[in-house]
Every structure is written in structure tokens, then in C-alpha cells.
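User: I am new to this structure and would like a close look at a single part of it. Could you take me through the main nonpolar core and the elements packed around it?

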Amino acid sequence: MRKQLFSTIFLFLIFILYSSASYAQNPSPAPSGPTNITAILEKAGQFTTFIKLMKSTQEADQINTQLNNSNQGLTVFAPPDNAFANLKPGTLNSLTDQGKVQLVQFHILPSFIAMSQFQTVSNPLRTQAGNSANGEFPLNVTTSGNQVNVTTGVDTATVANTIYTDGSLAVYQVDQVLLPLDLFGAPAAPAPAPSKPDEDTPVKSPAAGKTSDDSPADSSAAAKTMVPFGIAFIAAISLKL
């Protein structure tokens with residue numbers, strides 16, 4: 001009887017530990033009420049800069065409206081505060097208001113994509129910033145096992161974890177800010193190294209019989225000096241005759 005009781009307690013403890021581990025791996029539930037992207041990010045923490053950008057560009061309201069008033073799903077790549085801190089100083093300030101809108105929209109896909117679907121999506125992905133089919137704001141996804149990488153043409157970010165998913169909205173944390181090629185351009189190519197002269201090529205020397213003093217100017221001066229002597233010589237002969 002005692003042995004059976006210990007077995008029951010042991011199995012119960014295993015069940016509790018398994019349930020706790022499974023719960024820790026799942027994204028945290030969203031706040032109650034209508035879907036609110038900023039509330040989701042605020043609950044997750046460490047997304048202060050991205051939230052400010054979404055609010056200042058009014059993209060947060062746009063996302064909430066789409067999710068709560070239509071059947072259109074969305075996918076959001078959310079960079080944490082440390083990703084923005086790793087940008088070059090002045091990166092965000094260098095953008096116009098329209099550029100900031102496009103930067104936020106570049107992190108939003110106009111459809112719901114589950115983590116498993118990244119294995120089969122077609123590149124380039126379309127973002128809210130523009131139609132990638134026309135070469136605008138291209139965004140490509142590559143996978144290696146369970147790892148998902150997002151490439152912009154300027155930088156490459158890795159999907160770190162799933163913040164939230166409900167079948168209509170998916171929010172993924174990425175380890176870098178996605179910099180659009182249309183706004184930031186391709187990385188500058190390194191300047192080519194200066195070419196070195198061929199050591200085997202002999203250096204040309206002045207022609208034989210010529211010196212550095214045999215310039216055309218010197219020859220002309222000598223000719224001018226000889227003319228008066230010639231005239232004087234002819235005049236002397238004429239007088240003797």
C-alpha cells in the first residue's frame with residue numbers, strides 16, 4: 001500500500017514538472033480585450049524603442065485596426081532595445097518621418113506566418129513597406145534546421161523566439177533591426193588596394209649619347225650664337241678681297 005502511494009505521488013510530481021516546463025516554452029498570453037500590439041510588446045518587456053516608433057508613426061493603431069476589424073493576419077518582427085542600441089549613432093535621426101514609417105512597416109508582413117511555415121515561404125517576402133515583387137523593400141528568409149534568418153540586403157537578423165501567436169497575429173523577436181536596402185543602401189565595398197609596379201620591369205634609361213642637358217632650348221641658343229660669328233667671318237673675307 002505504501003509503495004503504491006509513493007508511486008502515485010512520484011507520478012503526480014512528474015506531471016507537475018512537465019506541465020510547468022511546457023508552459024514556460026509557450027509565448028505569454030496577450031492582455032485581455034481587443035488585440036493590442038503595443039500591450040503585447042509591453043508585457044514582453046525590452047521593446048521600448050520599437051514601441052515608441054510604432055506609436056509615433058501611428059503604425060500601432062494601423063496594426064490594431066487591421067487585426068480587430070478584418071480577417072487579415074499579420075506577422076511582426078520586433079527588435080529589442082539592445083538591437084537599436086547597436087545601430088550606428090544617428091541612424092534613426094537620419095530618417096525622415098516617411099522613412100521612419102517605412103522602417104516600421106518593413107518589420108511587418110501582411111499575413112500570418114507560423115514558425116513552421118518559414119521553411120516553405122517564397123522569397124522575397126512582401127512587407128507593409130512595399131511590394132517586393134517590384135523590387136521594393138526586398139526581405140528574404142532562410143532556414144537552417146530550426147533557425148530562421150531574415151536578410152534585408154543590408155544586414156541579417158535571426159529570429160530569437162516567439163513573443164506571441166494566436167493564429168491571426170505572430171510576433172517574433174529578432175536580434176537586429178531590419179535595415180531596408182531602399183533606405184540604407186548596400187554596404188560600401190572596400191576600396192581596391194593600389195597596384196604595385198612590376199619589379200621585373202626594367203626602368204628605361206636615357207638614350208645613349210644624350211644627357212639631361214641636351215634640351216631643345218639649349219640647341220636653339222647655340223644656333224643663335226653661331227649666326228653672328230658666321231656673318232662676321234664672311235664680312236672679313238669680303239674686305240680682304
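Analyst: Happy to. Please keep in mind that this is a predicted model. The largest nonpolar core has 27 residues, and those with the most contacts inside it are Ile-37, Leu-41, Leu-169 and Val-171. Two or more residues each come from helices H2 (37–44), H3 (48–56), H4 (59–69), H5 (81–85) and H6 (97–105), and from strands S1 (74–78), S5 (156–165) and S6 (169–174). Of these, H3 gives the most, with four residues.

Leaving out residues up to four places away in sequence, Leu-41 touches Phe-47, Phe-50, Ile-51, Met-54, Ala-78, Ile-163 and Val-171. There is also a second, separate core of 18 residues, which includes Leu-125, Phe-137, Val-150 and Ala-157.

Now to the helix that carries Leu-41. The buried residues of H2 are Ile-37, Thr-38, Ile-40 and Leu-41. Around the axis they cover an arc of only 160 degrees, so they sit on the same side of H2. The partners that the buried residues of H2 pack against are H3, H4, S1, S5 and S6. Just after H2 comes Gly-45, with a positive phi of about 80 degrees.

Thr-48 is partly exposed, with a relative accessible area of 43%. The C-alpha atoms of Thr-48 and Pro-80 are separated by 7.6 Å, although these residues are 32 residues apart along the chain.

H4 lies across S1, S2 and S6, and runs at about 150 degrees to S1.

That brings us to the sheet. It is an open sheet of six strands in the order S2-S1-S6-S5-S4-S3, with mixed pairing. S2 and strand S3 (140–144) are the edge strands, each pairing on one side only.

S1 and S6 run parallel and are joined by five bridges, with Phe-77 having Tyr-172 in S6 as its bridge partner. S1 and S2 run antiparallel and are joined by two bridges; here Val-76 has Ile-108 in S2 as its bridge partner.

Finally, S5 and S6 pair in the antiparallel sense over five bridges, and Val-159 stands opposite Val-174 in S6. To bring the picture back to the core, S1, S5 and S6 are among the elements that give two or more residues to it, and two of the residues with the most contacts inside it are Leu-169 and Val-171.

Notes
Residues are numbered from 1 along each chain as its sequence is written. This is a predicted model: local features need pLDDT of at least 70, side-chain atom pairs count only at pLDDT 80 or more; totals for chains, interfaces and linings use all residues. Side-chain values use heavy atoms; hydrogens and water are left out. A nonpolar core is a set of buried Ala, Val, Leu, Ile, Met, Phe, Trp, Tyr and Cys residues joined through side-chain atoms within 4.5 Å. Buried means under 20% relative accessible area, exposed over 50%, partly exposed in between (1.4 Å probe, protein chains only). Contact means heavy atoms within 4.5 Å. Two strands pair if DSSP finds at least two bridges between them. Axes are lines fitted to C-alpha atoms, for helices over the stretch in contact, and angles run from 0 to 180 degrees between N-to-C directions. The arc is that of the directions from the helix axis to the C-beta atoms.
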